[in-house]
Amino acid sequence: MLVMNNIGKVYQTDMVQTHALRDFNLQVNEGEFIAVTGPSGSGKTTFLNIAGMLEGYSSGQYMLDGIDVGKLNDNQRADLRNQKIGFIFQGFNLIPDLNLYENVEVPLRYRGVKAAERKRRIENCLEQVGLAGRAKHLPQQLSGGQQQRVAIARALAGEPRFLLADEPTGNLDSLMARQVMELLEQINRDGATIVMVTHDPELARRTPRNIQIVDGQVADFTLYQGKGAASQALKSQVGA
Amino acid sequence: MFAHYLDLAWRSLKATPLATSLMALAIAIGIGVTMVSLSVYHMMSADPIPSKSSKLYAVQLQVMDEGQTYHSADDIPFQLTFLDAKNLYQTLNIDKKVVMFKSGFAVHVNNPEVSPMLQTTRLITREFFAMFELNFLYGGVWSQSQADNAAPVTVIDETIAQKLFGRSDVVGESIYLAQRRYQVVGVTKEWQPNVKMYDLNNGAFADAERIFIPFSHAAAYEIDTWGNTNGWKREEINNFTDKMNSEMLWTQFWVELENDKEQQALATQLDNYIQTQQDLGRFNRKTREFSLRNVTEWLEYNNVVSEDNKVMIGLSFMFLAVCLANIIGLLLAKFLKRAPDVGVRRALGASKTQVFYQHLVEVALLGFMGGVIGIVFAQLGLWGIRKTSHVYESLATMDVSMLLAAPSIAIVTCILAGLYPAWIVCKTSPATYLKVQ
């Protein structure tokens, strides 16, 4: 699904070169749920941004679903992102002027999905996250947990095969965090591949595989008790 | 997608009412000023007689002695002498020709309740009405016999008829031009070309005359001109007969020609006429010079729309540019404030092109709003100009093309102004805003 070979990312200022990622290698298989951990400034978010094609990289090769991302122009990357990737952010990143229905509709608009199909998908997704009755509410009228569920509904609306979550529970209390995590686990069981950046070791332990990034490199990965078929396959692949 | 962008644009503009009002106002002021000068220019430069502007020709003769100069581009006087006008009318073998000049009278009727009024009057030959497309509501032009006999007959327009009689159908009624009684033989529909092309000597944008009498009355009743008289040599003028026989220039002569062949034939006749006059001791030049210019050429030759008007257009567009420069800053601030939303849209699959397009639709909508308000400002400006002088009554107006041009110019210029802010926001890295929002 996702293969990064020797990815390097350098931020250049007048005086300083900062290596956010160096010789970064990672393979994520279809159906996996991976937690990415690491200290602040280690390069987790840079990795996620590159994985989501929100940022370019300085060196190496990134293949997403067999497509060499480095060979795509901006519009092609936007199309690919729209078709295959869903994002969930720590700060929810809902558009404040749009109601829930319209927020969930955004990726579908850019994909050119017909109105009737959009309506069906949006209603399904809001139903899935338990907010079907609040479609006309504005984001600021919801709690943090509810907003994150809307963000998840938005990520799901495009029926992506690959979900990137950046500290999805970072702004939530423990109860809401658990609810969101359960929702993500359900989405993974339904077939989506998820890469989640988190600081929370409890959440990380709930995923079948953990990646630790230190100083812009994959320092370690730990395999936990996976429940899905992909986890079993991975276990056999790594000899666990 | 356009409808969606339009919806987003409307919401965005509604969300920041103060900034939107300021920007719309800036555009409206710029558009208002621009449309005022553009509308006046448009009306000044409009073809006054589109169906005939390539067929009607003003005739000029170089009557002045060798070495004499005139303030025209080719040194040929704009007007003709009374003598030449009369001669050409009598001798030229051409159907559609008219000789004329401007005069005027105190006009009154046998009704003490109607106040006398001072009115300009045009002395013309019969062909004037057909050649310059005046339409008769009642009656018609006087007969050739009446013209030859200097019969006291007149054609007036409906406005004069209404003023004097309170109705338009006044054929057969009598009016007095000074002390002479005239019978009305025809009433024309109101006629006011945007440029008084047939006589530019007394104000290109002056009102057209509303009373017409036969040209033969000039000699018969010694009716003098109310227009400009140009002299180019010292002459002893003791009475009106002297003036009619002098080299003073005060009449206009027009012909209507259908094709190049007719034009060539007329040129030959004019050349022959000058030669004949040279034999009589006039037209003391080595070369025989005359000129035939159609309406379009005539207006350009007379510099009807001067360079000043064009400079004014340029200045008003510069003012619009200043107004737009002001909104660029506001747009930039507004768009960058919304950069986090743009980051989200980019993350969700919007391309730079789509983000760019979305913002251009917003500035286009802003331009449309500014353009519509600008029309109101322009109307106020034009109303103010009309109030300064009656000369501007027909010029300081907006026709349909200008009404449509106002929002179009506003939209196009706003899009131009919005290109930079839209480009800045669309090339913003989405990752910058997603983490910190």
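pLDDT is the predictor's confidence in each residue, from 0 to 100. This is a predicted model, where local features need pLDDT of at least 70, side-chain atom pairs count only at pLDDT 80 or more, and totals for chains, interfaces and linings use all residues. Residues are numbered from 1 along each chain as its sequence is written, chains are lettered from A and ligands numbered from 1 in the order in which they are written, and side-chain values use heavy atoms, with hydrogens and water left out.

Here is how confidence looks by chain:

| Chain | Mean pLDDT | Residues scoring at least 70 |
|---|---|---|
| Chain A | pLDDT 85 | 92% of residues |
| Chain B | pLDDT 92 | 99% of residues |

Helices (H or I, at least four residues) and strands (E, at least two) are DSSP runs, numbered from the N terminus.

Now for a helix pair in chain B. Helix α11 (residues 307–337) of chain B packs against α14(B) at an angle of about 35 degrees, with axes 9 Å apart; axes are lines fitted to C-alpha atoms, for helices over the stretch in contact, and angles run from 0 to 180 degrees between N-to-C directions. Helix α14 (residues 400–426) of chain B has 27 residues. Residues that meet (heavy atoms within 4.5 Å) include F317(B) and L320(B) in α11(B), and I409(B) and G418(B) in α14(B).

Terms used:
Expected span 1.5 Å × (residues − 1).
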